[in-house]
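Have the sequence at hand as you read.

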Amino acid sequence: MTTELDRAAWTAKARALDIRTQAFIDGRFLPAASGRTFDTVNPATGAVIAAVAEGASEDVDRAVRAARRAFEAGSWSRAAPAERKTVLLRLADLIRAHLHEFALLESLDMGKLVKDAAAIDVPGAAGVFQWYGEAADKLYDEAAPTGRGDLALVRRVPLGVVGAVVPWNFPLDMAAWKCAPALAAGNSVVLKPAEQSPLSALRLAELASEAGLPDGVLNVVPGFGETAGRALGLHPDVDCLAFTGSTEIGKVFLGYSAQSNMKQVWLECGGKSPNLVFADCRDLDAAADMAAFGIFFNQGAVCSANSRLLVQRSVKDAFLEKLVARAEAIRPGDPLDPASTMGAIVDEAQTGRILSFIADGRETARLATGGERVRVAGAGCFVEPTIFDEVAASSRLAREEVFGPVLAVIPFDGEAEAVALANDSPYGLAASVWTDDLSRAHRVADRLHAGTVSVNTVDALSPQTPFGGFKQSGFGRDLSLHALDKYTGLKTTWIRYRAESGD
Ligand code: ADP
């Protein structure tokens, strides 16, 4: 399907959307038990998109009970892997068939460019469901080495009810990263999308049902973190909680587990990923293109955003000049206009947070470009692509996650200093290295403490490779077959049999 629609066509499609607003529990849409709703707002215009069911503990409990019933009934948890594959592949096709609808839901709900959502987010989510669908019937279990008369089977079994709590930056993709492997393994899922961006998850659950997922296997409870998220984190009948979001709230989920049933918790949290540009990188233009992409894509709301640029002093000025030119070519605009090159910040609160980092930067570093809030057609939450030079490694701008289009540039002289600066962070999610010296590439990549090191690119990512971090970026991996480790437990079945027939 072509994505080459113009602004008028996207706007017309946006007006024609039929938006799902209720919780999806046990195969049907339901209002919140309290009857309450909350408004979801388009940050590009400030307009209310829809009033969405405000799920809280009663709704979460209802969803967990439905998930448990479905798990025990076995129509999914004990289905042949090939049957699960068929359903997940059908869901991948349905997501692709609703490309424009999903792209619009993402864009309207959290401000990203609709063209990016259509080119990246939606195909990405479909690809992840496809990948885990295809994997479902290709994983073999083990037989342990034992003596005669003993057969020890070691199988991966689904855990039961998986809770998933996801953020607003890639609402559909984060839902897919959690749900696809959890479902492929045979679990039931209760998903709580972020309060800023509940719409695509609700539609996803409906399409999963259409694809043949039995009732109760995938439930979506929209609501706030402190109520619905908390209820899921504390629920005594949730076996595993997979979270993507801030480090601060990741820690809160560890506490919920400790206070309740010791559920497994898997955390994909913040980052302050360094991008190291060495003077021996021959294509500084490519490096500048990707450095700009690495911080300004999705308005900088990427947990693995390359938000610290460590650049060798001998090329710093030349590189910064290239980067500033690229930043100044990126202008925030109407997310539904394919000519726009940056979308809106998710909400006023996040805009304020970004502006507070910028205010700090003005005091402690040199503003190279950007720094202003902008309005598009007189409205909305938009912030210019912003670069600070001469950022002190100890400053807030160099250490804390902004989750916005703000880059901190820190010069270095030698390789050892670059590695030390890069690793001097509470986070360890991703890192990038630009060099044409093969030995340096390997040496530095080995020493960087990051879940993914990209060499001569940024933020390399695929369904085939694990994604996640070290240190306070969390633990457990999304994507790849390794994600299945989070959603399965190893079960040993030891069979003793008569080794002689006795005939
Ligand atoms: P971000 O900074 O990206 O908004 P958060 O960590 O605040 O990230 O939110 C990520 C997810 O965690 C969202 O779905 C949010 O509703 C949920 N959440 C936020 N606070 C809590 C909380 N106290 N308990 C449970 N869930 C929470």
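This is a predicted model: local features need pLDDT of at least 70, side-chain atom pairs count only at pLDDT 80 or more; totals for chains, interfaces and linings use all residues.

Residues are numbered from 1 along each chain as its sequence is written, and side-chain values use heavy atoms, with hydrogens and water left out.

**Helix 12**
- Helices (H or I, at least four residues) and strands (E, at least two) are DSSP runs, numbered from the N terminus.
- Gln350, Thr351, Ile354, Phe357, Ile358 and Gly361 are the buried residues of helix 12 (buried means under 20% relative accessible area, exposed over 50%, partly exposed in between, with a 1.4 Å probe and protein chains only).
- Viewed down the helix 12 axis, these buried residues fall within an arc of 125 degrees (from the directions from the axis to the C-beta atoms), so they line one face.
- Ala349 and Glu363 are exposed on the other side of helix 12.
- At the N-terminal end, Asp347 caps helix 12, with a side-chain oxygen 3.3 Å from the backbone nitrogen of Ala349.

**Strand 10**
- In strand 10 (residues 240-244), 5 of its 5 residues are buried.
- Cys240, Ala242 and Thr244 lie on one side, Leu241 and Phe243 on the other.
- Strand 10 runs parallel to strand 7 (residues 161-165), joined by 4 bridges (strands pair if DSSP finds at least two bridges between them).
- Strand 10 also runs parallel to strand 11 (residues 264-268), with 5 bridges.
- Cys240 stands opposite Val162 in strand 7 and has Gln264 as its bridge partner in strand 11.

Definitions and conventions. A polar contact is a pair of N or O atoms within 3.5 Å; within protein, one must be able to donate a hydrogen and the other to accept it, and residues adjacent in sequence count only if both atoms are side-chain atoms.
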